[in-house]
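Biologist: Could you take me through this structure step by step? I would like to begin with the overall layout and then turn to the details.

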Amino acid sequence: MNETDLGLWAVPLAMIGGAIRVSTPFLFVSLGECLTERSGRINLGLEGTLVFGAMSGYAVAYESGSAWVGVLAAALAGMLFGFFHGWICKLPKVNDIAIGIALMLLGMGLAFFFGKPYVQPQAPDLPAISFGWWSDISQVQAALQVNVLFLIGIVLTIAMGWMFRTTRIGLIVRVVGDSTDAARSMGLNPNVVRLLATGAGGALAGVGGAYLSLYYPGSWNEGLSSGQGLMAVALVIFARWSPVNCFWAALLFGGAGALGPALQSVGISSGYYLFYAAPYVLTLGLLIATSSPNRALESAPGELSITK
Amino acid sequence: MNRRTISRRSLLKAGAATGALAAAGAFPFGAAHAADLTVGFIYVGPKDDFGYNQAHAEGAAAVKKMPGVTVVEEENVPETVAVQKSMESMINFDGASLMFPTSFGYFDPHILAVAPKHPDVRFQHAGGLWSADKHPKNAGSYFGYIGLGQYLNGITAGHASKSKKIGFVAAKPIPQVLMNINSFLLGARAVDPTITCQVIFTGEWSLAVKEAEATNALADQGCDVITCHVDGPKVVVETAAGRGAFVCGYHADQSPLAPAKYLTGAEWNWANVYTGMVKTMMDGGTIDNFVRGGLSDGFVKLSPLGPAVSDTARNQFEAAKAEIMKGGFLIIKGPINDNKGNIIAPAGKAFAEDDIALESMNYLVEGVIGSTS
């Protein structure tokens with residue numbers, strides 16, 4: 001190791017590195033939730049899907065010896081959870097928020113149950129690409145180790161934004177999300193669209209979980225997720241249902257999470273509990289700054305049960 | 001009588017019959033052995049976490065092998081009223097008469113609430129400070145001076161470090177954690193008095209992502225030997241080794257996670273402690289309410305030294321270990337200041353490993369970079 005003394009520059013560097021390392025699960029879960037909510041349904045169970053995805057991804061990666069097979073398994077498991085949620089919610093008089101909470105607990109319980117034998121073994125990790133080759137400072141090189149899933153997340157963000165804006169599928173999802181009646185009169189089946197959107201959203205959340213267990217921090221245990229799935233659901237509202245905003249919000253939360261440890265490491269060590277609360281203070285501030293008493297939440301899908 | 005309903009009377013009869021059977025059954029069984037014992041273990045996290053809970057579960061596994069002992073275990077029990085329910089159910093349904101609720105936060109108020117209701121049950125708590133005038137007589141606390149293990153960790157770290165900066169990922173600034181941080185640095189300073197130790201508190205016992213971030217931040221600052229005091233050191237060990245730093249273990253043996261980078265580790269030896277306590281109970285004796293022990297009492301052990309430990313390091317490590325094995329090792333020796341410049345001990349004054357004053361430690365010694373609040 002050839003460490004250079006960075007002084008206070010370590011803090012912004014750690015935040016950039018942290019944003020890249022920590023944001024990916026936020027990004028995938030919030031993209032999934034964005035898609036689901038755009039179709040007019042809320043899936044609060046994504047925390048459970050995330051944890052189950054983390055467990056199944058780790059278990060399959062360990063058994064098969066390939067991290068990518070694990071990611072695929074996590075996506076499939078997440079999709080099953082999504083479809084299950086979508087299927088129950090299309091039954092009459094079912095509240096999607098209550099079902100979401102139930103599925104969150106179910107997902108975590110199942111993950112803990114099936115994940116028991118996989119706490120000890122070490123599964124293969126996902127590969128990372130080094131973007132720090134231009135620098136000879138080892139800290140910069142370490143911060144710019146970018147995981148492939150993060151790059152896939154960026155591509156997905158752009159693709160989803162484009163899909164909502166210009167494609168027929170995007171239009172269908174938006175119509176179903178904004179007005180069930182309008183969708184029906186166009187000959188669309190809102191239940192099928194929502195089922196598919198919830199399934200796809202679940203798959204993305206599962207991949208977010210696989211990132212946690214297969215790359216960073218890179219092991220499976222029962223305390224792996226500290227509410228990333230729940231926070232990502234809130235991020236979607238914060239990001240005003242826009243995939244591109246979801247990406248920035250995820251980066252912001254990732255970077256803010258790295259602030260506490262980085263400040264302590266340069267010697268600013270008192271009040272670290274306060275620094276750890278930074279992401280939440282930031283969210284509150286931004287939400288207050290961007291909200292208005294005169295209009296409803298901007299660009300909220302009309303059929304969402306929280307805005308109806 | 002309707003086949004599908006069970007009347008209250010028949011239920012009572014059945015209950016009485018079962019009770020009589022159990023009483024009749026228990027009597028000759030109890031006479032055969034000195035006393036049969038059901039022991040309950042409660043863990044705050046998964047019992048295979050390469051850490052705190054695994055160390056206790058290894059102790060429970062040793063107890064399970066003893067003849068005439070039944071072990072009941074429950075894991076992932078939070079430090080809330082949930083642990084009171086777990087204790088009540090182990091006592092009332094499994095018949096446990098010796099309880100090991102192992103997490104620090106179980107003691108006050110949970111054990112203190114349950115113990116007076118069950119005077120026949122013995123509650124043994126890891127880490128608490130039992131005191132005769134405040135706490136029930138059927139509760140007790142035990143702990144080991146694992147700080148000395150971290151002191152020995154520090155000696156290997158002091159030899160392995162090239163940057164003269166070592167790092168510590170800590171959960172919360174409670175006395176036992178502070179003791180470990182200070183001991184780790186003092187061990188390293190026994191090798192080279194210019195070494196500093198950077199500490200990062202995560203604020204919780206188990207927060208995987210934050211522990212990984214903290215480890216990365218330490219590596220960014222040039223710390224090239226890293227250890228920790230969190231519930232499950234797996235994430236810290238793997239992340240540190242991934243960044244090319246050496247690691248010292250804690251709680252249990254983590255050498256399989258990073259065989260090339262693992263120097264040594266401070267481990268609990270609960271198997272020895274728990275089998276001793278269970279044996280005392282079965283022989284009809286009483287366990288002391290306040291039990292403490294160190295390396296020389298078999299409460300603590302060290303992982304085998306890793307391949308990266310040099311011969312000079314090994315010699316100093318073995319010499320210090322031999323000194324500690326004599327008991328009463330002076331861990332804090334004056335003159336020594338804390339890292340804010342206040343005097344902890346003037347020249348000539350020293351605290352031995354078993355000094356009760358160390359159990360309310362609230363400072364970081366000079367050379368530790370970090371703050372307790």
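Modeller: Let us begin with chain B, which is divided into domain 1 (30-144 + 270-296) and domain 2 (147-267 + 300-369). Please keep in mind that this is a predicted model.

Biologist: How far apart do the C-alpha centres of domain 1 and domain 2 of chain B lie?

Modeller: The distance between the two C-alpha centres is 28 Å. In the contact between these domains, domain 1 of chain B takes part with 15 residues and domain 2 of chain B with 21 residues.

Biologist: Which element gives the largest share on the domain 1 side?

Modeller: That is helix 2 (residues 52-64) of chain B, with four residues. By class, the side of domain 1 of chain B that touches domain 2 of chain B has five nonpolar, eight polar and two charged residues.

Biologist: Now the sheet, please. What is the strand order in the open sheet of seven strands in chain B?

Modeller: The order is 12-10-9-8-6-7-17, and the pairing is mixed. Strand 12 (300-302) and strand 17 (368-369) of chain B are the edge strands, each pairing on one side only.

Biologist: What holds paired strands together in general?

Modeller: Strands of a sheet pair through backbone hydrogen bonds, and the pairing is either parallel or antiparallel.

Biologist: Let us look at strand 6 of chain B. How many of its residues are buried?

Modeller: Six of the six residues in strand 6 (residues 165-170) of chain B are buried. Both faces are covered: one side carries Lys165(B), Gly167(B) and Val169(B), and the other carries Ile166(B), Phe168(B) and Ala170(B).

Biologist: How many bridges does strand 6 of chain B form with strand 7 of chain B?

Modeller: There are six bridges between strand 6 and strand 7 (residues 196-201) of chain B, and the two strands pair in the parallel sense. The chain passes from strand 6 to strand 7 of chain B through helix 6 (residues 175-189) of chain B, in a right-handed β-α-β crossover. Within the pair, Ala170(B) stands opposite Phe201(B).

Biologist: And how many bridges join strand 6 to strand 8 of chain B?

Modeller: Strand 6 runs parallel to strand 8 (residues 225-229) of chain B, and five bridges join them. Here Phe168(B) has Thr227(B) as its bridge partner. Strand 8 of chain B also pairs in the parallel sense with strand 9 (residues 246-251) of chain B, over two bridges. In that pair, Ile226(B) is the bridge partner of Val247(B).

Biologist: Which strands does helix 7 of chain B touch?

Modeller: Helix 7 (residues 208-220) of chain B packs on the sheet and touches strand 6, strand 7 and strand 8 of chain B. The direction of helix 7 makes about 165 degrees with that of strand 6 of chain B.

Biologist: Changing topic: how many residues of chain B are in contact with chain A?

Modeller: In chain B, 38 residues are in contact with 33 residues of chain A. Strand 7, helix 7 and helix 8 (234-242) of chain B are the elements that give two or more residues to this side. Helix 7 of chain B gives the most, with twelve residues. The side of chain B that touches chain A has 13 nonpolar, 15 polar and ten charged residues.

Biologist: Which residues does the cis peptide bond in chain A join?

Modeller: It joins Tyr216(A) and Pro217(A), with omega about 0 degrees. Pro217(A) lies in the loop between helix 9 (190-214) and helix 10 (228-238) of chain A. In chain B, a cis peptide bond joins Gly334(B) and Pro335(B), again with omega about 0 degrees.

Biologist: Is Lys93(A) buried or exposed?

Modeller: Lys93(A) is exposed, because 4 other C-beta atoms lie within 10 Å. This residue has a positive phi of about 55 degrees although it is not a glycine.

Biologist: And is Trp241(A) buried or exposed?

Modeller: Trp241(A) is buried, because 23 other C-beta atoms lie within 10 Å. Trp241(A) also has a positive phi, of about 55 degrees, and is found in the loop between helix 10 and helix 11 (243-265) of chain A.

How values were computed:
Residues are numbered from 1 along each chain as its sequence is written. Chains are lettered from A and ligands numbered from 1 in the order in which they are written. This is a predicted model: local features need pLDDT of at least 70, side-chain atom pairs count only at pLDDT 80 or more; totals for chains, interfaces and linings use all residues. A residue is buried if 20 or more other C-beta atoms lie within 10 Å of its own, exposed if 12 or fewer, and partly exposed in between; C-beta atoms are placed from the backbone. Two strands pair if DSSP finds at least two bridges between them. A crossover is right-handed if, with the strands pointing away from the viewer, the path from the first strand over the helix to the second runs clockwise. Domain bounds come from an automatic or database domain assignment. Two residues are in contact if their C-beta atoms, placed from the backbone, lie within 7 Å. Ala, Val, Leu, Ile, Met, Phe, Trp, Tyr, Cys and Pro count as nonpolar, Asp, Glu, Lys and Arg as charged, and the others, Gly among them, as polar. Axes are lines fitted to C-alpha atoms, for helices over the stretch in contact, and angles run from 0 to 180 degrees between N-to-C directions.
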